[in-house]
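Visitor: Hi! Could you walk me through this one while I have it open?
Guide: Happy to, just ask as you go.

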Amino acid sequence: MTKFIAKRVFASAVVMLTITVLTFLMARVVPSNPAVIYAGPKASPETLDRIQSELGLDKPLLVQFFDYLGGLLHGDFGDSLATKQSVLPDLLERLPATLELIATAMTIATVLGVALGVLAARRRSGALDGSIRFLCIGGISMPAFWLGLILQVIFVGKLGVLPATGQFSTEITYSNPLETITHFALLDCVLTGNWVALQDGLEHLVLPAVTLAAYPLGLIARMTRASMLESLDQDYALTARAYGLSPRSIVWRLTLKNALSAPLTIIGLSVAYMLTGTFFVEVVFNWPGLGQYATQAMLAVDYPVIMAITLLGAAGYLLTNFAVDLLQAKLDPRTRS
Amino acid sequence: MTTAPALLQVRDLQIEFTDRGRVTNRPVRGVQLEIGSREVLGVVGETGCGKSITANAILGTLPEQARATGRIEFAGVEQLSLPERERAVNRGDAISIVFQNPGTAFNPVFRLGNQMRMVLRRHRGLRGRAATAIIAERLSDVGLTDTQRVMNAYPHELSGGMLQRVMIAMALLCEPRLLILDEPTTALDVTVARQILLLILRLQHALGFSVLLITHDLGVVKATCDRVAVLYAGRVVETGPADAVLKTPKHPYTQGLVGALPGQSGGRLRSIEGQVPANFLGIQGCAFADRCYAAIDTCRQVDPDLRPVSTTHEVACIRGGEL
């Protein structure tokens, strides 16, 4: 097991380094001068030269890369070309809101997806199976930004039961102001016992989380259903039946563990989807996370920010898949060798 | 026949497969079986003659699309009319089964000890140390000495022979009255198969359960069974004491099977021409007539019932007395 982990950590490090090289090269290859973006359109040639040497753009590419890599190792992602601010603090300020959103969406997608998949498999070809499959197709095929708008129309416009946008209501700032401990807003609410703000925050979280969860939920449910049907068809399922175990424990206690492997892979891949999917959702719901920051950076061709977000996404992706592999090994002893 | 009331009595068992109300196959067409207490009954026949599905019907684990009619009496209680919940109570308890392939019959992602614990918890409500003690005892009964290691092992960590021993231990956990063995040695090496058979016989003598042994190997029947029932195309064609049936087979099919045993025909390997029909729906007359050396015209019109040729030996062949 330790060997397995060591191998994976090494492989992840190699992948991370490769991604760093690629993002760095891409930023340099695209025909646009960072110095011009930094200085603005009306800068004189002398100013441009000065900025070029300030940003280190006159050094050889290899030196530039190692400067960048050295910075990364110290947690320095460089300065934003647009705001002239260091990237890392800006990133850290916005990251928690995005992580909260992704974590909630992922939990919804996983728990509901697996449960629906198992139910559909248990009632194969029945009415419930049919409706669940219909729901899955819907979740998979609807674009997130469109689904977000539709949900806003229904739950905000027609029913008026949920807030439309933002992370908290403005009134909260005055009535029950948030104290910051961990920067994770909801967690801080719990830690400080600010229940009014917590409820308000959860109400704001529902729609964007559901919107973001729809696509992976559909995938996970479908995969669980297929995998569950296969597993229920195996000899060991018959053995369980032949030894008098109840259908419920055969499904939930026994065969589900066999069947989880395939959906688990999908769950890992879904995180990759969420890292980009959240950008659209955050714009639709005006969520104060990375999404808006990233979109602005892309429109402004703000390389350091784009590179930082790319690297962050890659790291998140590697981390989740590492976790998935560990879980996979935990679930199936045959993969542990 | 045993004089005591039989432990298991199967009368005119018919099994049909249906697809949207239409009968697609009838793999069992009126099977009669009887097992006395402490008796070992062998059920023999080629692949696809309805042996395993008969066992499934007795156990109550037929697939969804199958429907069984007739009577299955276990310990005096008719089983087919019982609701599923009451049948499940017996499974793994009073009636237990050992499957053909121990490599796939165990769940690959649970420790063997835990799989056995689930059975004890279901039928005896036992957990923890009490359960572990019984499991360890059964494991040593089947000749596995390092019980702790076996309990902690996953199925892929043990050999086929060891796994089959564990399977037998699991089947005996709740001290069954009837043990069904569905080709228990087919997936094993010859030497291991022999050990497993001897083990089963020893346990049967010691614990006194009855056995329904499904096999296609007459050699196994000869070595282990008190009585034998020969199945062909979903019907019992011959039944009686194992010695009598093997020494003086009356049905041409049994004669073929006995003749196909190595060493029975002067060193030459013989076989029965033809195959078991794939579907038993269209069968008219005796199902074996097309492969039979002694078939006459009547054979293709009349499907004979079992008739006694001696007090204990019965055969379903219109020429059964003369052959």
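Guide: Let's start with a pairing: Asp182(B) stands opposite Ile214(B) in strand 8 of chain B. This is a predicted model, where local features need pLDDT of at least 70, side-chain atom pairs count only at pLDDT 80 or more, and totals for chains, interfaces and linings use all residues. Residues are numbered from 1 along each chain as its sequence is written, chains are lettered from A and ligands numbered from 1 in the order in which they are written, and side-chain values use heavy atoms, with hydrogens and water left out.

Visitor: Thanks. How many bridges join strand 7 of chain B to strand 8 of chain B?
Guide: Five, and the two strands run parallel. Strand 7 covers residues 178-182. Helices (H or I, at least four residues) and strands (E, at least two) are DSSP runs, numbered from the N terminus, and two strands pair if DSSP finds at least two bridges between them.

Visitor: What do strand 7, helix 8 and strand 8 of chain B make?
Guide: A right-handed β-α-β unit, with helix 8 spanning residues 190-207. Right-handed here means that, with the strands pointing away from the viewer, the path from the first strand over the helix to the second runs clockwise.

Visitor: And is strand 8 of chain B mostly covered or mostly open?
Guide: Mostly covered: six of its six residues, 210-215, are buried. Buried means under 20% relative accessible area, exposed over 50%, and partly exposed in between (1.4 Å probe, protein chains only).

Visitor: Which residues sit on each side of strand 8 of chain B?
Guide: Ser210(B), Leu212(B) and Ile214(B) are on one side, with Val211(B), Leu213(B) and Thr215(B) on the other, and both faces are covered. In a regular strand the side chains alternate between the two faces of the sheet.

Visitor: What is the bridge partner of Leu41(B) in strand 8 of chain B?
Guide: That is Leu212(B). Strand 3 (residues 40-44) and strand 8 of chain B pair in the parallel sense over five bridges. Strand 3 also pairs with strand 9 of chain B, parallel over four bridges, and there Gly42(B) has Val228(B) as its partner.

Visitor: What order do the strands take in that sheet?
Guide: The open sheet has eight strands in the order 6-7-8-3-9-10-12-11 (chain B), with mixed pairing. Strand 6 (95-98) and strand 11 (307-308) are the edge strands, each pairing on one side only.

Visitor: How many bridges join strand 4 of chain B to strand 5 of chain B?
Guide: Two, and the strands run antiparallel. Phe74(B) stands opposite Val77(B), and Glu73(B) opposite Glu78(B). The hairpin has two residues between its strands, and Ala75(B) takes a positive phi near 50° there.

Visitor: Is Ala75(B) buried or partly exposed?
Guide: Partly exposed, at 39% relative accessibility. Ala233(B) also has a positive phi, about 45°, although it is not a glycine. Ala233(B) lies in the loop between strand 9 (227-232) and strand 10 (235-241) of chain B, and is buried at 0% relative accessible area.

Visitor: OK, helices. How many residues of helix 7 of chain B are buried?
Guide: Ten of its twelve, so helix 7 is largely enclosed by the rest of the structure. Among them are Leu163(B), Arg165(B) and Met167(B).

Visitor: Last topic: how much area do chain B and chain A bury between them?
Guide: About 2,100 Å², 60% of it on carbon and sulfur atoms. Buried area is the accessible area (1.4 Å probe) that two parts lose on being put together, summed over both. In chain B, Pro108(B), Val109(B) and Met118(B) lose the most area to chain A, together 25% of what that side buries.

Visitor: How many residues does the contact take from chain B and chain A?
Guide: It takes 27 residues from chain B and 19 residues from chain A, where contact means heavy atoms within 4.5 Å.
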